[in-house]
Amino acid sequence: MVLKTAKGSAGIWLTDSAGRTLYLNTKDKGTTSNCYDACATKWPPLTTTEAVTVTGKYTVPSDVGTITRTDGKKQVTYGGHPLYYFTGDTAPHQIKGQGVDGTWFLIGPIANIMNGTKP
């Protein structure tokens, strides 16, 4: 699996290899996910069974990692932040999840929380 970057009105952020935007949740503590059940239905975690790499401007390959969720699945992390999709994004590079509930934000290529821009 390869994570990539996208560029748009919000700046540069991470996506999966298909261009689907990735988010972080500021309610997560450290590398522990707090998003399960109804939360994980709306914000599905990015999980993997294979090695993960990252490519793109400003990315830091050593920031890629995984954690084990309570269901045993491996969730991808970047800079220690567990990564998620937003079900409201229906096409590549959409950022409809940006700023939702004041806790969901794009993640930048240097593992920065992009909390300054809403679509």
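Biologist: What does C39 count as at 24% relative accessibility?
Modeller: C39 counts as partly exposed. Here buried means under 20% relative accessible area, exposed over 50%, and partly exposed in between, with a 1.4 Å probe and protein chains only. The model is predicted, so local features need pLDDT of at least 70 and side-chain atom pairs count only at pLDDT 80 or more, while totals for chains, interfaces and linings use all residues. Residues are numbered from 1 along each chain as its sequence is written, and side-chain values use heavy atoms, with hydrogens and water left out.

Biologist: And C35, buried or exposed?
Modeller: C35 counts as buried, at 0% relative accessibility.

Biologist: Which residue does the disulfide join to C35?
Modeller: C39, with 2.0 Å from S to S. A disulfide is a pair of cysteine sulfur atoms within 2.5 Å. The search of the whole structure finds one. The link of C35 and C39 is left-handed, with -105° about the S-S bond.

Biologist: Changing topic: in what order do the three strands of the open sheet come?
Modeller: The order is β3-β9-β10, and the pairing is antiparallel. β3 (23–25) and β10 (113–114) are at the edges with a single partner strand each, so one side of each has no neighbour in the sheet. Strands are DSSP runs of E, at least two residues, numbered from the N terminus, and two of them pair if DSSP finds at least two bridges between them.

Biologist: How many bridges between β9 and β10?
Modeller: Two, with β9 covering residues 104–107. I107 has I113 in β10 as its bridge partner.

Biologist: How many aromatic pairs does the search find?
Modeller: Five in the whole structure. One of them is Y23 with F86, edge-to-face at 6.4 Å centre to centre and 80° between the planes. Rings of Phe, Tyr and Trp (its six-membered ring) pair if their centres lie within 6.5 Å; planes under 30 degrees apart count as stacked, over 60 as edge-to-face and the rest as tilted.

Biologist: Where do Y23 and F86 lie?
Modeller: Y23 is in strand β3 and F86 in the loop between β8 (81–82) and β9, 63 residues apart. Both are buried.

Biologist: Why is the pair of Y84 and W104 edge-to-face?
Modeller: Because the planes of Y84 and W104 are at 90°, with ring centres 5.0 Å apart. Y84 counts as buried at 0% relative accessibility, and W104 counts as buried at 3%.

Biologist: Which residues form the aromatic cluster?
Modeller: Y23, W43, Y84, F86 and W104 form one cluster.

Conventions
Helices (H or I, at least four residues) and strands (E, at least two) are DSSP runs, numbered from the N terminus.
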